[in-house]
Amino acid sequence: MKKVLLLAVFALASAVTYAGGYRVSLQGNKALAMGHTGVAVINSSESVFFNPAALVYLEDKFSISAGVHGVFSNIAYQDSETGANARTDSPVGTPLYLYASYQATDWLAFGLGVYTPYGSSVEYEDDWAGSHLVNNIDLQAIYIQPTVSFKINDKLSFGGGPIYVTGSVNFNRNLNRTLTDLDGNRANVTIDASGVSSWGWVASTMVNLTDDLHIGATYRSEIILDAEDGTAEFENIPNSPLTPFENTSIKASLPMPAEMTVGMSYDFCESWTFAFDYNRTFWDVYNSLDIDFANEAIPDSKNARNYKNSSIYRFGMQYDATKMFTLRAGYYFDESPVREGYFAPETPRNDSNNFTAGLTVNLGEHLQIDASFLYSHFKEVDASYNYYFENGVAVPFKGTYKTNAFVPGLGLTYKL
Amino acid sequence: MKNILKYTFAVLAVGFVSCEPEFDSPVTDDGFYSSGTANLSKYVSVGNSLTAGYADGALYITGQKNSYPNIMAEQFAFVGGGEFNQPLMNDNMGGLLLGGTQITENRFVLAVDANGNPGPVRLEGTPTTDISNKLSGSFNNMGVPGAKSFHLVAPGYGNVAGVPTGSANPYFARFASSENATVVGDAAAQNPTFFSLWIGNNDILSYATSGGAGVDQTGNFDPSTYGGNDITDPNVFASVYSQQVDALTASGAKGVLVNIPEVTSIPYFTTVPTNAIPLDAATAAQLNAQFAAYNTQILPGLTAMGVITPEEAALRMINFSAGQNFPIMTDDDLTDLTTILQGAPFSLPPQLAALLGQLRQVKSDDLIVLTASSVLGTTPDPNNPQGVIGVSIPLTDQYVLAVSEQARITAASTAYNATIQALAGAKGLAFVDAKAALARVANGGVVYDGGVLTSQFVTGGAFSLDGVHPTPRGYAYTANLIIQAINDTYDATIPTVHIGNYATITVTNN
């Protein structure tokens with residue numbers, strides 16, 4: 001019976017994806033299995049992320065959830081004009097999360113969250129056709145969020161807290177399309193910045209219209225990671241005053257955009273829950289990726305991004321099948337923040353359809369295993385990045401992209 | 001239960017790694033591109049330095065990797081093209097050794113001097129390619145730097161013993177199948193299904209780069225009597241060229257023939273201006289005074305005597321003015337007056353007579369070669385500041401390709417090109433008009449994704465630092481031309497390349 005159920009869930013599994021840009025929507029196995037909905041769902045300490053105001057309504061005195069997702073993402077590129085083609089061989093991403101909540105009094109709860117909502121790990125073959133834009137990138141941002149949640153009454157609560165972010169980025173690309181050393185090795189630069197930290201905040205509210213119908217809203221502030229003492233390491237530079245590239249320090253800013261989520265959940269027929277979330281990510285802050293080299297002889301690198309604000313529409317279902325099993329499935333549509341002509345290969349995101357499924361296995365009173373699976377489907381897209389310049393002349397990088405991602409996840413929940 | 005989950009995830013993990021996104025029609029699929037009626041499984045390229053990937057005055061590995069045949073072979077791989085082996089050099093220095101002694105110079109690189117001025121210099125260092133180390137195996141790229149048309153069918157051209165005497169070629173000596181092998185024989189022996197042939201450039205080019213120092217051998221049908229800088233007789237060219245095409249098509253191979261560009265399209269002849277001598281009014285007047293007797297008495301006198309024609313007299317007039325001036329030169333196509341001027345009524349001293357013997361000023365339609373830039377305006381005798389080359393010392397003939405010499409080159413190359421195009425038509429082979437394509441680069445340039453490809457020396461992008469051979473970008477442009485001709489002739493759809501992805505000159509300081 002257990003096996004049958006398990007197979008049924010995976011057969012059902014509709015697709016899922018992670019979000020546009022370098023947003024990685026993998027902040028909890030329970031929520032992800034329901035299309036990463038959760039702003040109006042009251043069921044676990046994952047609410048530290050999704051809606052801190054919900055924590056105060058949790059039934060358990062103490063709850064802790066931790067988990068990991070394995071991100072298997074692939075990008076294929078081809079240019080039918082030249083036959084150039086490439087596939088990424090990106091390392092498996094493993095975003096983690098940890099949430100704890102503690103019910104201090106009837107009206108007050110505390111929480112702590114550690115999660116990674118932004119990140120990217122893309123690795124092309126060195127010197128591929130778009131190597132003047134990116135060879136590989138590894139971006140990580142860890143959010144640490146102490147949280148407080150209090151209720152006005154059984155209908156209305158508020159929550160929120162400060163967010164401390166520590167991030168790192170490692171990025172390598174070739175300097176241009178042709179520069180090599182004497183032996184033909186392509187000149188390239190590696191930008192590295194780690195331990196970059198900043199502060200932000202989150203605030204949310206929860207409205208229980210009835211016992212079964214909930215509405216929630218969460219706003220997470222924009223956080224800009226300013227790297228003040230990153231490094232730039234140049235490799236395969238010809239020995240010539242005409243190519244004055246020497247290792248130097250850099251300054252760069254990378255924004256983690258603000259995100260507003262509103263949504264509802266509805267419990268029906270005793271054991272079913274439906275949830276809907278709407279996310280608006282304020283990507284317009286990501287206007288340009290600029291790298292300021294401390295060495296004045298090296299021209300600063302300006303890379304237009306011009307992202308636009310984007311929306312995500314999320315739908316999730318939960319079914320308490322047995323005392324032991326809770327099954328979940330979901331779908332979300334993720335709009336790309338990338339405008340036409342700005343399709344850069346380090347985050348080649350077009351609109352995606354995402355299908356999710358998962359389940360929770362209750363092992364006794366206190367322990368749960370949470371599993372989820374996400375499949376992100378991107379349509380094949382002809383796109384170009386038109387803002388790379390050589391000697392003042394724009395050199396568009398065109399081609400066809402096809403992307404997908406598979407994200408299995410596993411977590412544990414312990415509650416008292 | 002835990003185990004089930006564990007195994008399920010393990011299986012999924014393995015599955016996802018292999019679950020690659022697939023395009024609706026991948027470029028790597030058979031049939032996405034087509035070779036049409038051509039079979040590109042075994043491609044052999046035959047030619048000279050251009051085919052070898054020679055650049056910057058030498059042959060070196062990165063140049064060879066950007067040879068037009070290698071670029072084409074990479075694109076042929078989309079339509080069933082096979083492996084493409086090249087006789088790669090041992091390094092990126094470019095010079096050749098024979099038994100440990102260097103016999104050709106290293107490549108040029110663009111270096112910045114102490115004053116901050118960039119310019120081409122020879123790369124320093126000891127090269128490691130010794131031609132007495134024979135390469136084994138056969139090579140798809142049969143481009144042999146320095147080869148003229150008749151060399152490709154000359155037995156012994158790859159015999160290392162003949163290299164010191166000039167009867168053999170050091171590059172072919174590295175990979176000739178035997179001492180008596182011919183280039184075309186070794187090419188045909190590989191049974192190519194497809195070939196390219198681009199030969200004949202050196203049959204006029206060495207005459208041109210030597211400023212016309214050689215002899216126009218038109219009418220002489222025995223190439224074994226030719227000197228290195230001579231122009232090959234067009235009938236000799238036609239004869240050996242059709243032999244080569246016959247040999248390469250003997251087993252039914254299809255192919256492409258490429259014609260000979262004009263020398264006036266290459267920066268070696270277009271970089272140094274003909275009026276390179278700046279003079280102020282006083283100096284010009286002083287010089288004119290020195291040549292007054294020559295202009296007003298000697299030349300009219302010689303014309304009256306019937307020694308020279310009025311046209312030659314006009315050609316020989318010397319005149320300077322304030323501003324940019326044409327240098328003086330010796331032109332061996334002029335009547336040699338050295339002896340006559342020493343006799344009556346002129347009775348000039350021998351030294352002066354020799355100076356005036358074949359003297360004229362460079363004309364605007366002459367071409368001054370690139371290497372003249374290092375001698376024009378210099379004072380070879382440090383004790384005689386008045387002895388300036390181009391002003392008081394004539395530029396020697398090797399630095400100037402005179403109009404009369406250009407006419408011989410044009411006549412020969414026009415004849416060669418007629419042969420090439422006629423043979424392409426007769427044999428149903430693809431034909432590339434490299435002459436017209438290179439003229440486009442030289443006259444205004446060719447737009448590509450990132451700029452305009454021109455034949456401007458150093459900065460134009462098409463030509464390497466020897467001023468004669470293309471850069472990788474220039475070779476990529478050539479490869480695209482040939483691919484387009486193959487596509488047109490054989491109903492193929494071989495993809496071309498973005499030439500902006502190919503490098504131009506190499507900067508490095510010694």
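Reader: Is A:Ile223 buried or exposed?
Author: In this predicted model, local features need pLDDT of at least 70, side-chain atom pairs count only at pLDDT 80 or more, and totals for chains, interfaces and linings use all residues. Residues are numbered from 1 along each chain as its sequence is written, while chains are lettered from A and ligands numbered from 1 in the order written. Buried needs 20 or more other C-beta atoms within 10 Å, exposed 12 or fewer, partly exposed in between, with C-beta atoms placed from the backbone. A:Ile223 has 24, so A:Ile223 is buried.

Reader: Which strands of the five-strand open sheet in chain B stand at the edges?
Author: The order is S7-S1-S8-S9-S16, with parallel pairing. Strands are DSSP runs (E, at least two residues), numbered from the N terminus; two pair if DSSP finds at least two bridges between them. Each edge strand has a single partner, so one side lacks a neighbour in the sheet: these are S7 (141-143) and S16 (430-432) of chain B.

Reader: Which residue in S7(B) stands opposite B:Ser45?
Author: Strand S1 (residues 43-47) of chain B runs parallel to S7(B). Three bridges join them. Opposite B:Ser45 stands B:Asn141.

Definitions and conventions:
Helices (H or I, at least four residues) and strands (E, at least two) are DSSP runs, numbered from the N terminus.
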